[in-house]
Amino acid sequence: MHFMGYRRTDGHVGIRNHVVVMPGCICSAGAARKICEKSGATYLYNPNGCAQDARDTAMTLEILSGLIANGNVYGALIVGLGCESIQEARYMEAIRKKTDKPVRYISIQKEGGLGRTVAHGLELVAQLQQEARACRRESCDISELIVGLECGGSDPTSGFSINVVLGNTSDRLVDLGGTTILCETPEAIGAENILKRRGCTPQVGQQLYDAVLANERRHLEAGEDIRNVNPSPGNKAGGLTTLEEKSIGCVHKSGTRPFQAVYSYGQMVDKKGLVFMDGTAYDVASTMSLIAGGAQLVVFTTGLGTPVGSAIAPVLKATGNGHTAQWLEDIIDFDSSASITGEKTVEALGDELLKYICRVCDGELVKAEINGISDMAIDQMGSYC
Amino acid sequence: MINAVLMASNDDVVTVTQAVPAGGEICYQREGETFSLAAATDVPLYHKAALRDLAEGSSVIKYGEHIGHATRPIGRGEHVHTQNLSSTL
């Protein structure tokens, strides 16, 4: 199975061809946005870049460098302020560990004000856009595709329809040599023993188990007892009885294949097959980690519906709730409710979803792209310094 | 008319996709074949019903996995929820 993608000089493959402009810190966001408005370049919002402790700075750099390194990006311009804590050299060091693609950097204090920064930025972006226009789509094997598996705004249909269908699609992708990433560690609390059995080796199984328990400990230290407040009263009213049942319904979207590796939040994925990314369950911050890890596309399952999107990668919304698919028609891309009525089997819908994913890889836009949604959030441990 | 979903072929429970009153028919598919049983109690929308008699203390399977244990005997067709199923974690 093949798709038409962009081959990058760093070996990555993209399904989009963005030239992005990113503020190096929040203070230069206005300048970066103006450059995008005038050039049509893709605006990659960045809420951070300054006043964070060492752990949070590392997470910010991991995500931002990963987003720029993503195969969907041709090249990037970073617009800094000048005095922020993450300076040009630190950005470039983080980015160069992941990619050799064209990345330019300017700052407002050095350029001499907003007007000069925007003018210089526009020149640099025009050059990048000219180079990007010369890129052509080529036939790429499906094994070069990395798909992130995300969920949010779940309802009872998530666990018995769309997550099961996505699990089937994930198995198909893995069997074809591709890569899928399960994430959202807090949602796996209660399924740690099941994940442990699904490691490709006892070591990987143990890593999965340890990641879930470490996440639970961190939440307990912060005063949040996930195990004993789940399923929530709303979950119970919706028919979920035990934590095992809730967690299995969530990890079910990863299908049945063994996990090949465990990655930290936003770390670049370098193994084929199903892998796990250890990170937050906060939807947008989690979606960003999948894309920073290299996912060219994210399948986001939902029951209640959400318009979330990314500047860099298509975020495909899929639901098992037929009412949501119709009621929120302008934000939902794929409806698996036919598995509930018995009109279609999970296998048939899993195959349909895979074929749809391939069309999106070839260039068909998902609703989040049509709607121009580009959300951004990065996990952090502490508050700003 | 299908009104319940079986997640894995060895599951002890199905999830109803319409509320089923006591005495009503619960109808689901297993590997393309349609099966039915009578609801022994009311089963609310998206809740579980037992496919077989389950002894007190026995493991309850959904998604082909253990989701908890029966805290009292559960009859075929009975609503399975917090009143008769508990986490084993």
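Contact here means heavy atoms within 4.5 Å. Helices (H or I, at least four residues) and strands (E, at least two) are DSSP runs, numbered from the N terminus.

The structure is a predicted model, in which local features need pLDDT of at least 70, side-chain atom pairs count only at pLDDT 80 or more, and totals for chains, interfaces and linings use all residues. Residues are numbered from 1 along each chain as its sequence is written, chains are lettered from A and ligands numbered from 1 in the order in which they are written, and side-chain values use heavy atoms, with hydrogens and water left out.

**Exercise 1. Describe how helix 2 of chain A packs with helix 3 of chain A.**

Step 1. Helix 2 covers residues 54–69 of chain A and helix 3 covers residues 88–96 of chain A; their axes are 9 Å apart, at an angle of about 60°. Axes are lines fitted to C-alpha atoms, for helices over the stretch in contact, and angles run from 0 to 180 degrees between N-to-C directions.

Step 2. Helix 2 of chain A is therefore oblique to helix 3 of chain A. Angles under 35 degrees count as roughly parallel, over 145 as roughly antiparallel, 65 to 115 as roughly perpendicular and the rest as oblique.

Step 3. The crossing of helix 2 of chain A with helix 3 of chain A is right-handed. A crossing is left-handed if the near helix is turned anticlockwise from the far one by less than a right angle, and right-handed if clockwise.

Step 4. From helix 2 of chain A come A:Thr57, A:Leu61, A:Leu64, A:Ser65 and A:Ile68, which meet A:Arg90, A:Tyr91, A:Ala94 and A:Ile95 of helix 3 of chain A. In this contact of helix 2 with helix 3 of chain A there are six nonpolar, two polar and one charged residues. Ala, Val, Leu, Ile, Met, Phe, Trp, Tyr, Cys and Pro count as nonpolar, Asp, Glu, Lys and Arg as charged, and the others, Gly among them, as polar.

**Exercise 2. Describe how helix 2 of chain A crosses helix 12 of chain A.**

Step 1. The axes of helix 2 and helix 12 (residues 283–292) of chain A come within 8 Å and cross at roughly 55°. Helix 2 and helix 12 of chain A are therefore oblique to each other.

Step 2. Helix 2 of chain A passes helix 12 of chain A in a left-handed crossing. A:Glu62, A:Ile63, A:Gly66 and A:Leu67 of helix 2 of chain A make the contact with A:Met288, A:Ser289, A:Ile291 and A:Ala292 of helix 12 of chain A.

Step 3. The contact of helix 2 with helix 12 of chain A comprises five nonpolar, two polar and one charged residues.

**Exercise 3. Characterise the fold and dimensions of chain B.**

Step 1. Chain B has zero helices and nine strands. Its elements, from the N terminus on, run β-β-β-β-β-β-β-β-β.

Step 2. The C-alpha trace of chain B spans about 35 × 25 × 20 Å along its principal axes.

Step 3. Because a compact globule of 89 residues would have a radius of gyration near 12 Å, the 12 Å of chain B agrees. The radius of gyration is taken over C-alpha atoms, and the globule rule is 2.2 Å times the number of residues to the power 0.38.

Step 4. An unreviewed UniProt entry lists "domain: SAF" for residues 11–86 of chain B. UniProt positions are given in the numbering used here, feature names are shortened, and annotations may be inferred rather than shown by experiment. The end C-alpha atoms of residues 11–86 of chain B lie 16 Å apart, and the span is 0% helix and 43% strand.
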